[in-house]
Amino acid sequence: KNVIRLSPEQASKARDDKGIFYRSLNKSLKDEEIYIQGASYSENSVDVVIATTKFSKISMATGRTARIVSALSDEAIEEINVDIMNGDFEVASLKLNRQEFEKAATYQGSNSEILEKSSIYSKSNSPSYKSTDFQPTIRFPQIDWSLSPAVRHQIGGPEGFYLGQLWLRADSTIKFARGLTLYNTLGFDIYNTFNDFINTSQSKLPHVRSDIQEYLDQGKNNIQKMKLEYMFSPYKDIFVRTDFGILEEMFGGFGGEILYRPFDKDYAVGFTLHRVKQRDYDQKFSFRDYTTDTGHLSLYYDLPYGITSHLKMGKYLARDKGLTIDLSRRFKTGFIVGAFASKTNISSELFGEGSFDKGFYFSVPLDLFYTDYRASSISFGIHPLTKDGAAILSQHNSLHSILADTNKSSILRDWDNI
């Protein structure tokens, strides 16, 4: 979108009455689906803290913000500082030289010249919005909800290659404060072919996943998720997530995750630990007798050519111990394809058909199909066999999924989008 620049007289008036500047900035950014979390108009710099779900690339959201700030500011402003929030984490800060940015915007300079005079850093444990002059009023609790059709299925079973369900998914979030949110997902059956199930699990391991047919058949109308979650960053580059409640379709419990993501490095280290109890097949509020602890130590490393490696080792849901290796590649379009394999201390005979757990997945960004920008993606995976060995607790809002594309190397990778 074209940004309408204020005249010198209007810009001078906005400096004298900063309320005009903040209201204009808030309105202009909101039109781009960028939301102010805080802002300060100083003698020679403007600081803006933003959050957006529209732009998947930090550089793109920063560029949109800087254009608007520059158009609304007077000539005394030399620096534009943009702090990016993802969820309730402040993940990155970019300090831009206004003159270089203006030259590049009018094709008299380049993105590389902007970068040469820019600073990129992170201070996750001391978010900037807390010290800004302008902070929008946020009224808690914030309630959001959505309804959408969805599909559940089993592929490759003895009863038929594909048995599935079309259902209505109702998602809601209740945000009580920054970092503290209740997530709910309910499912309502529209049509299914699950009555054809005839093959019960013969697994000799605890049936942590192999009773999938019972869960699908008896849980046609279900509570998929109902959990309270709290996130915070106690120290620079260290992030924490705790959760409690119905965590996924088959397990409820409590636990948490910690992630160390050095902003200037290409690696991250995480640890998860949960105490969980198996849910009844109807997936309401009752539970079965099986209880266990599960947790993993994870190492993430960004390799050349857009390849990310993830090594996970620890204790799985069936109390077996071992490791999982996951390799994925991200292409310039944002398309991601990956594969994983797990091996634990149970024998191939006890594991059953397939000998070890494996699968693959891919993710397609939606902005490939639209003329505007969208951060959402369509994800799909194939897990050929639903076995009890190497079964992992589903992690909604895992820290690495939130923070993986927010380190310095990811911002530099996408710098041309500024």
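**Pockets, cavities and local backbone features**

Strand 9 gives the second largest pocket its largest share of lining, four residues. The model discussed here is a predicted one. Strand 9 spans 222–235, and together with strand 4 (89–97) it belongs to the elements that each supply at least two residues of this lining. The pocket comes out at a volume of about 230 Å³. In total, 15 residues line the second largest pocket, and D88, P127, K130, F232 and S233 lie nearest its centre. Sorted by class, the lining of that pocket splits into seven nonpolar, four polar and four charged residues.

The largest cavity has a volume of about 40 Å³, and the second largest cavity one of about 30 Å³. Around the largest cavity sit S342, K343, T344, I346, F351, S355, F356, D357, G389 and A390. Strand 16, residues 336–344, provides the largest share of that lining, with three residues. The class count for the largest cavity is four nonpolar, four polar and two charged. The second largest cavity, for its part, is lined by K227, R241, D243, L247, H274, L393, S394, Q395 and H396. Here the tally is two nonpolar, four polar and three charged residues.

Next comes helix 1, which covers residues 8–16 and has A11, A14 and R15 buried. These three residues are on the same side of helix 1, because they cover an arc of only 100 degrees around the axis. On the face of helix 1 turned away from the buried side, the exposed residues are E9, K13 and D16. As for what the buried residues of helix 1 pack against, the partners are helix 2 (18–31), strand 1 (35–41) and helix 3 (58–72).

In the loop between helix 2 and strand 1 lies E33, which has a positive phi of about 60 degrees although it is not a glycine. E33 counts as partly exposed, at 39% relative accessibility. N397 is found in the loop between strand 18 (377–382) and helix 8 (399–403). With a relative accessible area of 21%, N397 is partly exposed; the cut-off for buried is under 20%.

The peptide bonds have something to flag too. F140 and P141 are joined by a cis peptide bond, with omega at about 0 degrees. P141 has its place in the loop between strand 5 (119–121) and strand 6 (142–157). For context, most residues other than glycine have a negative phi, and most peptide bonds are trans.

On to strand pairing, with strand 13 (residues 287–302) as the link. Strand 13 pairs with strand 12 (residues 267–279) in the antiparallel sense, over twelve bridges. In this pairing, Y267 stands opposite Y301 in strand 13. Strand 13 also pairs with strand 14 (residues 307–315), again antiparallel, over eight bridges. There, L297 stands opposite M313 in strand 14. Strand 13 and strand 14 form a hairpin with four residues between them, and Y305 in the turn shows a positive phi of about 65 degrees.

Finally, L327 is found in strand 15, residues 321–330. The C-alpha atoms of L327 and Y301 are separated by 9.9 Å, and the two residues are 26 residues apart along the chain. Leaving out residues up to four places away in sequence, L327 touches T308, S309, V337, G338, A339 and Y361. Even with these contacts, L327 is partly exposed, with a relative accessible area of 46%.

Note on methods: Residues are numbered from 1 along each chain as its sequence is written. This is a predicted model: local features need pLDDT of at least 70, side-chain atom pairs count only at pLDDT 80 or more; totals for chains, interfaces and linings use all residues. Side-chain values use heavy atoms; hydrogens and water are left out. On a 1 Å grid over the protein atoms alone, a cavity is a set of points where a 1.4 Å probe fits but cannot get out, and a pocket is an open set with protein on both sides within 12 Å along at least five of seven lines; lining residues have an atom within 4 Å of a point. Grid points are joined across faces, edges and corners, and a volume is the space filled by probe spheres set on the points. Ala, Val, Leu, Ile, Met, Phe, Trp, Tyr, Cys and Pro count as nonpolar, Asp, Glu, Lys and Arg as charged, and the others, Gly among them, as polar. Buried means under 20% relative accessible area, exposed over 50%, partly exposed in between (1.4 Å probe, protein chains only). The arc is that of the directions from the helix axis to the C-beta atoms. Contact means heavy atoms within 4.5 Å. Two strands pair if DSSP finds at least two bridges between them.
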